[in-house]
Amino acid sequence: MASRRQPPAIYLMGPTASGKTDLAVELRRRLPVDIISVDSALVYRGMDIGTAKPDAATLAQAPHALIDIRDPTESYSAAEFREDALAEMRRITAAGRVPLLAGGTMLYFSALTEGLAPMPAADPELRRRLEAEAARQGWAALHSRLAGLDPAAARRIHPNDPQRIQRALEVIELSGRSIARGGEPVIFPDFTRGQWARRQPIFALGDEY
């Protein structure tokens with residue numbers, strides 16, 4: 001099946017404090033690109049400490065889409081990110097510019113490049129049970145349970161991230177699938193990657209989406 005070709009998107013990946021934001025801002029200054037944040041913490045309003053969120057001056061100079069779009073009490077899934085990011089990418093392309101996706105949440109990048117299998121909807125009763133267990137045992141205990149059931153997910157999810165621990169356990173109980181490895185591949189861009197140096201951002205180019 002022929003694929004619909006579109007102008008390239010730039011993916012800028014790397015760990016926190018590796019210089020992604022500075023590089024993204026500089027690229028925006030030099031190139032016709034608009035920035036989309038790929039960070040699971042930066043979607044939340046008020047999460048400004050310990051997240052390397054760009055300050056107000058930086059955002060005024062180089063706006064980032066998908067920052068401060070949820071309250072901390074709201075959930076935001078990789079599937080929602082994929083839908084929002086693709087909408088932003090199409091908007092930017094329609095304006096004659098190139099999407100620059102910058103961040104360190106590799107699950108989000110994976111959602112874009114590989115797609116996601118349908119996951120079960122949230123189950124309020126199961127969530128209440130998991131929250132009650134966490135209240136008695138602590139989220140660290142539930143993270144340890146997750147590590148026994150789904151080591152790949154436990155490696156990706158921090159022990160102090162109750163929302164994602166809860167969701168990973170919920171998916172296992174409802175479907176028997178791993179939230180980290182349950183996605184079936186979909187046709188998506190091939191990428192050319194180049195890593196400059198240790199702890200430097202990884203650069204990737206995708207030519208369709």
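Predicted model: local features only at pLDDT ≥ 70, side-chain atom pairs only at ≥ 80, totals over all residues.
The chain contains eight helices and six strands. Read from the N terminus, the order of elements is β-α-β-α-β-α-β-α-α-α-α-α-β-β. The chain has 209 residues, and 43% of them are buried. Contacts between residues at least 6 apart in sequence were also examined. Of these, 70% join residues at least 24 apart.

The largest nonpolar core has 21 residues. Within this core, Tyr11, Phe81, Met89, Leu101 and Leu112 touch the most other members. Four elements are listed as giving two or more residues: the strands β1 (9–13) and β2 (33–38), and the helices α3 (78–94) and α4 (106–114). Helix α3 gives the most, with six residues.

Neighbours within four places in sequence are set aside here.

Helix α4 has a run of buried residues. These are Tyr108, Phe109, Ser110, Ala111, Leu112 and Thr113. Gly115 follows α4 and has a positive phi, near 80 degrees.

The axes of α6 (residues 139–149) and α8 (residues 162–175) come within 10 Å and cross at roughly 40 degrees. That angle makes α6 oblique to α8. The crossing of α6 past α8 is left-handed. On the α6 side, the residues in contact are Trp139, Leu142, His143, Arg145, Leu146 and Leu149. Their partners in α8 are Pro162, Ile165, Gln166, Ala168, Leu169, Ile172 and Glu173. By class, this contact holds nine nonpolar, two polar and two charged residues. The spacing of such contacts can be read against helix geometry. An α-helix has 3.6 residues a turn, so residues three or four places apart point the same way.

Helix α5 (residues 124–137) meets α8 at an angle of about 125 degrees, and the two axes lie 10 Å apart. Helices α5 and α8 are therefore oblique to each other. Here the crossing is right-handed. Helix α5 contributes Leu126, Arg127, Arg129, Leu130 and Glu131. Helix α8 contributes Gln166, Arg167, Leu169, Glu170, Glu173 and Leu174. The class count for α5 with α8 is four nonpolar, one polar and six charged residues.

Two residues other than glycine have a positive phi. For Ala52 the value is about 60 degrees. Ala52 sits in the loop between β2 and α2 (56–61). Its relative accessibility is 48%, so Ala52 counts as partly exposed. For Leu66, phi is near 70 degrees. Leu66 lies in the loop between β3 (64–65) and α3. At 8% relative accessibility, which is under the 20% cut-off, Leu66 counts as buried.

Terms used: Residues numbered from 1 in each chain as written. Heavy atoms only, no water. Axes fitted to C-alpha atoms, helices over the stretch in contact; angles between N-to-C directions. Parallel < 35°, antiparallel > 145°, perpendicular 65-115°, else oblique. Left-handed = near helix turned anticlockwise from the far one by under 90°. Contact = heavy atoms within 4.5 Å. Nonpolar A, V, L, I, M, F, W, Y, C, P; charged D, E, K, R; others polar. Core = buried A, V, L, I, M, F, W, Y, C linked by side-chain atoms within 4.5 Å. Buried < 20%, exposed > 50% of the residue type's maximum accessible area, 1.4 Å probe, protein only.
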